[in-house]
Amino acid sequence: MKAVTIKEAGGPEVLEWTEVEDPAPGAGEVVVDVVASALNRADVMQRMGLYPLPKGASPYPGLEVSGRISAIGQGVSGWQLGDEVCALLTGGGYAQKVAVPAGQLFTIPKGIGLAEAAALPEAVATVWSNIVMTAGLKEGETFLVHGGAGGVGTFAIQIAKALGARVVTTVGGPQKAARAQDLGADLTINYRTQDFTEHGPYDVILDVVGGQYLERNIRSLATDGRLTVIGLQDGLEGNLNLAELVFRRLSVHGTTLRTRPAEQKAAIVAAAQEKVWPMIENGAVQLIIDQTLPMAEAAQAHRLMETGQHTGKILLVND
């Protein structure tokens, strides 16, 4: 088979579409013939040498795919050869085939095409596990997501709105603000010209930025507020006022989906399918796909992501 390999840490040009060995399913795994994969910020960080791989992870980038089951390992039940699925991965999605633990498989939501379903697993699992399973977002609360036009942000806006929250998001300009409003955002804040702390307090914040956003996030939380940090685009360090945490009973969670144990991922996948798939099937949550490129053009897809001009997900499709 072919896969996208990383020659060395560097820019998009280090990505190569090349021949590699076919995967074989281990116990509890299936092999999926990949129809499509989708880009995530972690793929870019991995390519740049800034994201150490979890133990046992595939060296090829790609955290989600859609496709058809072509081989089934020992101990797998409930799935058959030829089943159409999408899947959450620890890596290896930029390829023609990938081995996946059966607990990380989703069915395809009704009304969603097989290729476009590749946009679902990572973002939906990330949003549901963080804003509901970790932060406990409830109806009537105010929710802030940073980067509302991105792959995670577009789902976070819609899922939080479907849960009955008031939704606020930061975006990078008027076009992205309009798109976020179309998706259900009650308020959009241009992070280039406005300060999101002036529009709080927020009960729950989902932060994909990190760094110096930490102090402002804490300052703008409501009493008993919850912050989940899932990205480090602004750096690894920020200021934390412990007195604010103690006296306003605030919670700060740092999470990553990729390094969680398989049993935790399986629980997240099951919960996300149970709760979010109905939202997708009834139209409350839409897939936002910016562009679709051939898998062999992964380097160009990475260049597009790094411009920050996209809205929603970027797909890579096999012939």
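I took a salt bridge to be a side-chain nitrogen of Lys or Arg within 4 Å of a carboxyl oxygen of Asp or Glu. The model is predicted, so I kept to its limits: local features need pLDDT of at least 70, side-chain atom pairs count only at pLDDT 80 or more, and totals for chains, interfaces and linings use all residues. Residues are numbered from 1 along each chain as its sequence is written, and side-chain values use heavy atoms, with hydrogens and water left out.

**Salt bridges**

I searched the whole structure and found 13 salt bridges. I looked up Glu244 and found it bridged to Arg248, with the closest N and O atoms 2.6 Å apart. Buried or exposed, I asked of Glu244 and Arg248? Both are buried (under 20% relative accessible area; exposed is over 50%, partly exposed in between; 1.4 Å probe, protein chains only). I also noted a network in which salt bridges with shared partners join Lys138, Glu141 and Arg226.

Next I checked Arg68 and Glu84, whose side chains form a salt bridge at 3.3 Å, N to O. Arg68 lies in strand 4 (residues 64–72) and Glu84 in strand 5 (residues 84–88), so the pair ties together parts 16 residues apart in sequence. Arg68 is partly exposed at 39% relative accessible area, and Glu84 is partly exposed at 41%.

I then traced an open sheet of 6 strands, in the order 10-9-8-11-12-13, with parallel pairing. Two strands pair if DSSP finds at least two bridges between them. Strand 10 (187–190) and strand 13 (251–254) are at the edges with a single partner strand each, so one side of each has no neighbour in the sheet. From one strand to the next, the twist averages 15°. I counted 5 bridges between strand 8 (residues 142–146) and strand 9 (residues 166–171), which run parallel. His146 has Thr170 in strand 9 as its bridge partner.

Helix 4 (residues 174–182) packs on the sheet and touches strand 9 and strand 10; contact means heavy atoms within 4.5 Å. The direction of helix 4 makes about 160° with that of strand 9. For angles, axes are lines fitted to C-alpha atoms, for helices over the stretch in contact, and values run from 0 to 180 degrees between N-to-C directions.

**Leu242**

Last, I placed Leu242 in helix 6 (residues 242–247). Leu242 counts as exposed, at 55% relative accessibility.

Terms used
Helices (H or I, at least four residues) and strands (E, at least two) are DSSP runs, numbered from the N terminus.
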